[in-house]
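Thanks for coming. I will go through one model today, residue by residue in places and helix by helix in others. Please have the structure open while I talk.

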Amino acid sequence: MNKVKIILAGPRGKMGLEALKMISETPQFELVAAIDSRNDGLQVKDLTGAPNSMDATVYDDIERCLDAIQADVLIDLTKPDIGKRHLEIALNYGVRTVIGTTGFTNEDLERLSQLAHDKKTGAIIAPNFAIGAILMMKFSQMAAKYLPDIEIIEKHHDQKLDAPSGTALKTAQLITEVREAKGQGHPDETEELTGSRGAEWQGIRIHSVRLPGLVAHQEVMFGGEGQLLTIRHDSMNRASFMPGVKMAIEHVMHIEGLVYGLENIME
Ligand code: NAP
């Protein structure tokens, strides 16, 4: 069987280093190049923390990289504006793409979906690669049909810039596909301190905790008469995302068009 030839953008980052490790440990994957804003011309094995067996050239420019290197899949683990740009360029080159960054608007998704379709190329954007988190969302959607009073508590490291997390919002959106909008709590409740009841999405309250020491955690609490159900997921480190990255790479080899969200490739 031919190996899947991979270019990785962001190899020095926390996610990038985990991805290098995962690629080096996966016999059917082969790293053929990396894209890094620094270190042009070095070998990946020269980057601090990279597996020392990786003979693949580092490029500081995606177009020069794609002109020089034949690849099956580009993985992007950089930052939102760069991920978006890399996806568009890779699709124009007809290279399949797996994107781990966020920040895509509905207009972006429509345009990129059309581009992937026109180029007959597959692409997956996965705002959350943690398979357990995807299951948490799916299970929450199931539970919401029967226990419609729900609050979401998401907890992340204190370097996270956006709140609520994309996963919390996505969970609320999936729940409201099966649950009517409804008010929760006492109809006359007031906030003595603004924000104390959290953000609101169609009646669901979302609370964001930011503390050093946390990685990425979420609890979805369902309240019913005399009972509570809590569905909880914890990502302890960035290795937790790698089975999802691997699944996305394997899947993107067999699709045409753009898939947004790993939940759409999990049965
Ligand atoms: P990080 O440690 O800050 O790594 C980001 C890396 O991207 C840095 O090495 C950075 O290099 C590099 N970079 C920036 N601009 C670049 C460019 N133009 N070309 C190539 N590389 C560039 O962050 P992280 O924790 O690894 O996260 C990486 C991304 O994945 C973030 O967008 C994060 O939100 C996302 N993420 C996604 C998931 C998921 O499940 N989908 C999970 C965790 C994180 P410099 O140091 O030179 O800037």
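**Glutamine 218 and the elements around it**

Let me start with glutamine 218, which sits in strand S10. Before going on, note that this is a predicted model.

Is glutamine 218 buried or exposed? Its relative accessible area is 4%, and the cut-off for buried is under 20%, so glutamine 218 counts as buried. What does glutamine 218 touch, if we do not count residues up to four places away in sequence? The list is Met136, Ile152, Ile153, Glu154, Ser165, Thr167, Ala168, Thr171, Ile231, Arg232 and His233. As for distance, glutamine 218 and aspartate 234 are 16 residues apart along the chain, and their C-alpha atoms are separated by 6.6 Å.

In H5 the buried residues are Ala133, Ile134, Met136, Met137, Ser140, Ala143 and Ala144. On spacing, an α-helix has 3.6 residues a turn, so residues three or four places apart point the same way. What covers the buried residues of H5? The cover includes strand S7 (149-156), helix H6, strand S10 (216-224) and strand S11 (227-235).

A quick check on the geometry of H5. It has 14 residues, which at 1.5 Å a residue should span 20 Å, and the C-alpha atoms at its ends are 20 Å apart, so the two values agree.

Now the pair H5 and H6. The crossing of H5 past H6 is right-handed. From H5, the contact uses Met136, Met137, Ser140, Gln141 and Ala144; from H6, it uses Thr167, Lys170, Thr171, Leu174 and Ile175. Sorted by class, that contact has five nonpolar, four polar and one charged residues. Thr167 and Thr171 of H6 are also among the residues that glutamine 218 touches.

**The other helix pair**

The second pair is H3, residues 80-92, and H4, residues 106-118. Their axes come within 9 Å and cross at roughly 20°. With that angle, H3 is roughly parallel to H4, because angles under 35 degrees are counted that way. H3 passes H4 in a left-handed crossing.

Which residues meet here? On the H3 side they are Lys84, Leu87, Glu88, Leu91 and Asn92, and on the H4 side Asp108, Arg111, Leu112, Leu115 and Ala116. The division by class is five nonpolar, one polar and four charged.

Take leucine 115 of H4 as an example. Leucine 115 is buried, with a relative accessible area of 15%. Setting aside neighbours within four places in sequence, leucine 115 is in contact with Glu88, Leu91 and Asn92. Between leucine 115 and asparagine 92 there are 7.7 Å, C-alpha to C-alpha, for a separation of 23 residues in sequence.

**Backbone points to check**

Next, the backbone. Most residues other than glycine have a negative phi, and most peptide bonds are trans.

Where is the cis peptide bond? It joins alanine 163 and proline 164, with omega about -5°. Proline 164 is in the loop between S7 and H6.

Lysine 120 is not a glycine, yet its phi is positive, about 50°. Lysine 120 is found in the loop between H4 and strand S6 (122-125), and is exposed, at 56% relative accessible area.

Glutamine 202 is also not a glycine and has a positive phi, about 45°. The loop in question runs between strand S8 (199-201) and strand S9 (204-210). Glutamine 202 is partly exposed, with a relative accessible area of 40%.

Last, tryptophan 201, in strand S8. Tryptophan 201 is partly exposed, at 27% relative accessible area. Leaving out residues up to four places away in sequence, tryptophan 201 touches Leu169, Ala172, Gln173, Thr176 and Ile206. Against isoleucine 134, which is 67 residues apart from tryptophan 201 along the chain, the C-alpha separation is 19 Å.

That is the end of the list. I will take comments now.

Notes
Residues numbered from 1 in each chain as written. Predicted model: local features only at pLDDT ≥ 70, side-chain atom pairs only at ≥ 80, totals over all residues. Heavy atoms only, no water. Left-handed = near helix turned anticlockwise from the far one by under 90°. Helix = DSSP H or I, 4+ residues; strand = E, 2+ residues; numbered from the N terminus. Contact = heavy atoms within 4.5 Å. Nonpolar A, V, L, I, M, F, W, Y, C, P; charged D, E, K, R; others polar. Axes fitted to C-alpha atoms, helices over the stretch in contact; angles between N-to-C directions. Parallel < 35°, antiparallel > 145°, perpendicular 65-115°, else oblique. Expected span 1.5 Å × (residues − 1). Buried < 20%, exposed > 50% of the residue type's maximum accessible area, 1.4 Å probe, protein only.
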